[in-house]
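Hello,

Here is the structure for you to look over.

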Amino acid sequence: AVSEGATREAMIMGVEESAVAVMGVFGAACLILLSHEDTDRSGIDWLDYNWMFVGPPLMFLILAFKLFRLVTSKNREHYALTFFAWAAAPLYSIHQFEEHGYDMIGRRYAFIDYFNTNMKSADVQLTPRMITIVNVFAVLVVFVGYAAVAEGINSLTLAAFPWALGVVNGGCAHILPAVTKGAYNPGVAQSLIMTPIGLYFLFKTWQRRGLPALFAALVYGSIWAHGVALMLPLKLVSMGILGTSSFFLWSVMCAVIYPLLVIPMVGFEPRQKRS
């Protein structure tokens, strides 16, 4: 006979798989919309303008299942690690809501104007469709994917990648400009919470996995995620080399290539028995 514990474990795993499947459907819906090129604010598709209302409840639903597994498991140490991995996407979804939903002073979809005004001299501009690609695919879908793989292969380093991105984005792209300019920017309020939590997780990564793992995470969060995966393709779009669809494919490749190259070199955590 199947034990009650095994049945409960199977049920939890099934619900988690369903939640991840929902993320896949959400991503597929965005992919369908890639066939429609956006030109200006007046032509924003519904999903481009409203995805940030779907992200937080969906992300926190997934996190709730992970929290249940943490409090009901005998192996708290293992699931505490994976809980932190899964927590990155829900927390970052709040950051996205402040940027693209409503900011702290009540402005709707405010980040696009903030970014494009500050990057005008560099001839780098965001469109609503690019914002959707970056935030839904390169952040939410990738963060969930990294958490699932990190849990499966027992990699603390991979789990640290999203937190490194959050620390660099929150600290350098939001908190630092707010301090130097003495002005609010969309996303800075949530960054005051996300950045110290991310720093703590990176500190624990350094304690358990050493300097190579910390370095790999910081390179991902800075040079790779913000430089290679974001600013470089945005510049290529402005030069007419890339389009919206190829920008999306670039994001997918960047999300896959770096972990495939780096994680095997850094190594994995000793595998622990789950219960």
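The largest pocket in this predicted model holds about 660 Å³ of space. A pocket here is an open set of points on a 1 Å grid over the protein atoms alone, where a 1.4 Å probe fits, with protein on both sides within 12 Å along at least five of seven lines. Its volume is the space filled by probe spheres set on the points, which are joined across faces, edges and corners.

Lining residues have an atom within 4 Å of a point. There are 33 in the largest pocket, and Phe111, Phe115, Asn169, His226 and Leu230 are the closest to its centre. By class, 24 are nonpolar, seven polar and two charged. (Nonpolar is Ala, Val, Leu, Ile, Met, Phe, Trp, Tyr, Cys and Pro; charged is Asp, Glu, Lys and Arg; the others, Gly among them, are polar.)

The second largest pocket has about 380 Å³. Its lining has 17 residues, with Tyr146, Val149, Ala255, Val256 and Pro259 closest to the centre. Of the lining, 15 are nonpolar, two polar and none charged.

Residues are numbered from 1 along each chain as its sequence is written. Local features need pLDDT of at least 70, side-chain atom pairs count only at pLDDT 80 or more, totals for chains, interfaces and linings use all residues, and side-chain values use heavy atoms, without hydrogens and water.

Best wishes
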